[in-house]
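Please open the structure in a viewer and keep the selection tool at hand. The tour moves from one selection to the next.

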Amino acid sequence: MEKEMLEIKNINFSNVWLDFEISFPQNTFTTISGPNNCGKTTLIRILEEKIKKEFPTFTIKTVIPEEIVFTMNTIKEEIELYLEGTEFSLEEQKTIYKNTIKQWKLTKLEKEDPNQFDRKNKIRLQLALAILKKPKILLLDCITTPFSRAERKEILEEIQKYQIQEKSTVVMTTHILEDSLIGEYLYILKNNEILLQGVPLEVLEKDNIINKAGLNLPFMIDLSVKLKDYNLLKETELNINKMVELLWK
Amino acid sequence: MEMKNYQYDEWNLNIKLEENKLIGIMGEDKNKLLEILSLKKLGKGIVKVGTEKITSENILKYRKKISYIKEKNNYPYFLSIIEKIMQEKIEKENITIKNKEKKMRDSLRIVGLSPSYLKRDINTLSSSEKKKVTLAIGLLSNPDIILIEDAFEGLDKENEKKRIRLFQRLKDQYQKTIIVTTNDSNILYSYMDEMILLKEKKIYLIGHPTEIYLKTEELEANNFEVPEIVKFSTIARKKKIKIDYHKDVRDIMKDIYKHVS
């Protein structure tokens, strides 16, 4: 069965009418990338507004790091506030709290004021809260930026786990192309238009276009493309050990 | 700058940093080390800048030589116009400048921004523009040492390269020492003169990136990120394929081509 598409037409950026249409298959993880100032944050905001209008029954949660503000003085209070009005009993809320802080590595910050957290932990907590209400659509704006490579992998795997479990739609912007490999579809924007789109690995193999767009190709993809050009490799290989084995059997 | 048995919060530091270098710090609490180096507060132990020992009597003089640029500066709405932010800094820090307007324009020019940015609201800027402006503000005091938190965070490849060229110019042309923190081992490996790896509030390793990253297995065993371009050469060399260590994928590509039969 073909996935139902979440079609967003006629995106309006800062009063400049654009021709492109952007669409996301439902229940998938889509990444939107592009150089600085290509409008990634603006697009997330516009998407949120459009989706709310066109799909009013869908629950949406948006995480934009620059806009994160917490209401309460501790993580526990923040989670309790989020779960207010839900069907969870007090016992269940306690379990949710314990699981959440463990899952998002916030245990050491239990007694701290979330508004005093560093950026990474603010993002972790905001993601944790966003996912608590099991939104149908999760919009994430450059949430991986302050994390190391290993931390990004962990965070993205948590989001992907959620997306698969709850069959939700995730749309994430990032300037780190490697992040897109976790998803099923990738758009690359530049100068208010779609430069490339498609399955992430296939898009990332268009190295000339991506380099000209001012983006950093992940090393193994960059190297794979070059080796393929010289017929030294048949397929893109992301694992260093495997690539070395393939080159020097 | 040199610190001997320098105690600050839970840290105990022994470190010697040469001037006029581009130095990168990576690891847990990297921004805390930057805060310590800023001398905003004096800890216990010995700190020297040049040959002079820093004490509570002369610390103000040395603080003025250091500009500490934090990643996030929250500006209230009444102080968000860049010209006003700059003027406030000049007054608050008693920075002696003959021609303030020229100095503000020059600081913007050095970072690649036009004087028209003086009239802009910092909260309306993109993240790459904000980084440039906060650096321009930091340059007003004509510091010898510039400390920049998460100096490359959020920058695409083009802006990252522009930032590196700017830091190199500040180092070479204006004799500044630039100390940055970053999460990106590729940046440390490709561009820094010296790097510091931190673990458990201690300096784990300090030295030239090309030497430090040769210790691939040790670094990975201690959960430090190693650039993939380095890992590739290390793994190939374990199989007796003499691939050199390179910084550019095109160079490693040429080397691989030579060694593939």
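The stops below take chain A and then chain B.

This is a predicted model, in which local features need pLDDT of at least 70 and side-chain atom pairs count only at pLDDT 80 or more, while totals for chains, interfaces and linings use all residues. Residues are numbered from 1 along each chain as its sequence is written, chains are lettered from A and ligands numbered from 1 in the order in which they are written, and side-chain values use heavy atoms, with hydrogens and water left out.

**Chain A: the domains**

Select residues 5-205 of chain A, which the domain assignment gives as domain 1, and then 218-249, given as domain 2. These bounds come from an automatic or database domain assignment. The centres of the two domains of chain A, taken over C-alpha atoms, are separated by 32 Å. Six residues of domain 1 of chain A are in contact with six residues of domain 2 of chain A, where contact means heavy atoms within 4.5 Å.

**Chain A: the sheet**

Next, display the strands of chain A. Helices (H or I, at least four residues) and strands (E, at least two) are DSSP runs, numbered from the N terminus, and two strands pair if DSSP finds at least two bridges between them.

A:I32 stands opposite A:T173 in β8(A).

**Chain A: a residue and a ring cluster**

Is A:T30 buried or exposed? A:T30, in strand β5 (residues 29-33) of chain A, is buried, with a relative accessible area of 0%. Buried means under 20% relative accessible area, exposed over 50% and partly exposed in between (1.4 Å probe, protein chains only). Beyond its neighbours within four places in sequence, A:T30 has contacts that include A:F24, A:Y185 and A:Y187. Ring pairs link A:F24, A:Y185 and A:Y187 into a cluster. Rings of Phe, Tyr and Trp (its six-membered ring) pair if their centres lie within 6.5 Å; planes under 30 degrees apart count as stacked, over 60 as edge-to-face and the rest as tilted. By this rule there are nine aromatic pairs over all chains.

**Chain B: the sheet**

Move to chain B, where six strands form an open sheet in the order β6-β7-β8-β3-β9-β10, with mixed pairing. The edge strands β6 (66-69) and β10 (202-207) of chain B each pair on one side only. Strand β3 (residues 22-27) and strand β9 (residues 194-199) of chain B run parallel, joined by five bridges. B:I23 stands opposite B:E194 in β9(B). Helix α1 (residues 30-37) of chain B packs on the sheet, touching β3, β6, β7 (145-148), β8 (177-181) and β9 of chain B, and its direction makes about 135 degrees with that of β3(B).

**Chain B: a hairpin**

Select strand β1 (residues 2-8) and strand β4 (residues 44-49) of chain B, an antiparallel pair with four bridges. B:E2 stands opposite B:K48 in β4(B). Two bridges also join β4(B) to strand β5 (residues 52-53) of chain B, again antiparallel. In β5(B), B:K53 is the bridge partner of B:K48. The hairpin of β4(B) and β5(B) has two residues between the strands, and B:G50 takes a positive phi near 70 degrees there.

**Chain B: a buried helix residue**

Finish at B:S107 in helix α4 (residues 100-110) of chain B. B:S107 is buried, with a relative accessible area of 2%. Leaving aside neighbours within four places in sequence, B:S107 is in contact with B:M86, B:A136, B:L139 and B:L140.

Key. Axes are lines fitted to C-alpha atoms, for helices over the stretch in contact, and angles run from 0 to 180 degrees between N-to-C directions.
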